Amino acid sequence: MPATGDGRAPGATSLSGAQAGAPVGHARNRPSATGPTPAGPVTAAPPIPHPRPQTGRTSATADAPAAGSTAPLKLLVIEDDASDAQLIKAAVADSGTSIEIHWARGLEQATELLAVSPPGNRRGRSRGSDFSCVLLDLAAPADLPHPSDDSDGLEGLHELLRRAPHTAVVVLTDAAGAELGAAAVAAGAQDFLIKHATDGPLLGRALRYAVERKRADESQRRLVEAELRGQENARLQRHLLPTPLLDGAGLSFTRRYRPGRRRALLGGDFYDAVRTDDGTVHVVIGDVCGHGPDEAALGVALRIAWRTLVFAGLTGEALLTTLQHVLEHERRSDEIFATLCMLVIEPGGASGGLDALGAGERARLYLAGHPAPLLLGRDHQPVTLPADLAGPALGLLPCHDGQAAWPAQQIELHPGWRLLLYTDGLIEGRVGAGSRRLGQDGLADLIGDHQSAGLTRGRLVDSAIAEVEELNGGALTDDVAVLLLERNPVQLILG
């Protein structure tokens with residue numbers, strides 16, 4: 001709003017006759033003491049200038065806040081009547097609150113002020129308005145580009161909330177419009193004031209309340225958005241965990257999965273188990289180095305690729321070679337590798353039917369830099385399967401020149417066998433305050449103790465993980481995946 005040199009808005013009367021604590025607002029069409037307000041659009045709206053110093057009166061704003069004082073509340077007044085704007089200014093001066101006041105005659109001019117990017121805003125990105133609050137007179141024309149035929153008296157407010165959704169809004173109405181003010185609060189304003197019943201202190205309190213309420217509303221909105229994003233991420237990650245396809249295998253399959261990252265459901269560890277049409281059971285467990293979301297995504301890609309290759313008929317070194325190619329194409333850097341343990345269990349007996357389950361079975365074990373599984377006997381200490389033929393982790397050595405090789409280790413599985421497959425997060429936890437790690441031998445002893453106590457399946461796995469964490473002195477920082485696969489000649493049991 002262009003201002004005159006003596007602190008008066010165009011067409012406005014002098015503030016010298018304004019009384020301290022005067023109510024905000026008077027009749028809309030009250031003539032000005034100096035004549036009618038000039039018609040025509042307003043092209044600029046600088047801050048309302050400070051009134052001349054008066055004895056016993058403090059200016060609404062200071063040229064610069066005193067050292068140690070809080071920054072003034074920055075207020076934008078949308079008011080088309082110059083005399084009412086001056087009365088608002090007088091009330092602000094008597095509010096006892098440090099307020100920097102700006103004036104706009106309508107929404108279009110207010111939008112220009114609200115949209116100004118603060119100095120130093122990098123890359124021209126809008127950071128939102130730096131106004132603390134907007135005081136909107138509901139009686140002011142809304143000056144909408146496309147006015148609606150259905151008027152509820154709140155068109156200006158609706159448009160303001162659309163254009164400045166993160167700024168606190170207080171509306172002004174006359175005594176007969178109290179219900180309209182309440183409707184404005186229901187529509188999104190933080191408070192409403194009645195013109196003739198509002199003095200300076202009440203205006204100051206209402207503005208401070210509106211700013212704090214808007215800040216609280218914004219914090220709650222961001223919290224809800226964060227919770228919704230978290231729930232969406234959790235659903236996504238949960239669906240990325242596999243569902244074993246072992247129908248007809250006569251196996252009990254217990255799995256536990258704990259990512260090392262906080263507030264995550266998915267880590268770089270991965271596992272899967274499927275039964276192909278010929279009755280062969282294929283099981284995999286692996287670990288991508290690292291703990292971030294990129295490693296988690298790579299683990300999912302490897303697990304899906306592994307299942308696809310199994311159903312395509314690949315197995316053994318041919319499968320692992322192809323899987324390394326997938327890793328090489330999907331990883332973000334050449335330093336990323338993955339360890340892996342794959343078990344291929346052939347169907348027992350000639351027919352492979354359920355009547356042959358429980359007979360001696362043969363399995364092929366493939367290790368790519370991964371810890372060997374534990375074979376849990378019923379009457380003896382768990383033993384670690386041989387790792388003499390283990391090959392390198394996937395991605396460490398090239399496949400094309402024969403440097404990477406993963407020969408099969410033949411395993412005999414006796415009736416009632418149980419196998420525990422795990423990632424190294426389970427054995428790398430510390431034991432006590434020193435640097436000693438649990439290790440594979442320590443895990444075998446721990447599992448044997450829990451077996452002796454009569455624990456089986458899910459209770460066995462859960463108690464083992466709990467004791468590993470207790471020995472570590474707290475939660476494990478690495479991802480942990482544990483699979484307990486048991487021959488069970490009845491319907492499949494998943495735990």
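Student: Let me begin with the sheet. In what order do the five strands lie?

Tutor: Keep in mind that this is a predicted model. The strands form an open sheet in the order E2-E1-E3-E4-E5, and their pairing is parallel.

Student: Which strands stand at the edges?

Tutor: Those are E2 (99-104) and E5 (191-194). Each has a single partner strand, so one side of each is left without a neighbour in the sheet. From one strand to the next, the twist averages 25°.

Student: How many bridges join E4 to E5?

Tutor: Four bridges link E5 with E4, which spans residues 168-173, and the two run parallel. For a spot to look at, find Val171, which stands opposite Phe192 in E5.

Student: Which strands does helix H1 lie across?

Tutor: H1 (residues 82-93) lies across E1 (73-78), E2, E3 (133-137) and E4. Relative to E2, H1 runs at about 175°.

Student: And how should I read a pair of helices?

Tutor: Two packed helices are described by the angle between their axes and by the distance between those axes. Take H6 (residues 293-311) and H7 (residues 316-330): their axes come within 10 Å and cross at roughly 150°. Angles over 145 degrees count as roughly antiparallel, so that is how H6 stands to H7. Their crossing is right-handed.

Student: Which residues make the contact?

Tutor: H6 contributes Leu298, Leu302, Ala305, Trp306, Leu309 and Val310, while H7 brings Leu319, Thr322, Leu323, Val326, Leu327 and Glu330. By class, the residues of this contact between H6 and H7 divide into ten nonpolar, one polar and one charged.

Notes
Residues are numbered from 1 along each chain as its sequence is written. This is a predicted model: local features need pLDDT of at least 70, side-chain atom pairs count only at pLDDT 80 or more; totals for chains, interfaces and linings use all residues. Side-chain values use heavy atoms; hydrogens and water are left out. Two strands pair if DSSP finds at least two bridges between them. Axes are lines fitted to C-alpha atoms, for helices over the stretch in contact, and angles run from 0 to 180 degrees between N-to-C directions. Contact means heavy atoms within 4.5 Å. Angles under 35 degrees count as roughly parallel, over 145 as roughly antiparallel, 65 to 115 as roughly perpendicular and the rest as oblique. A crossing is left-handed if the near helix is turned anticlockwise from the far one by less than a right angle, and right-handed if clockwise. Ala, Val, Leu, Ile, Met, Phe, Trp, Tyr, Cys and Pro count as nonpolar, Asp, Glu, Lys and Arg as charged, and the others, Gly among them, as polar.
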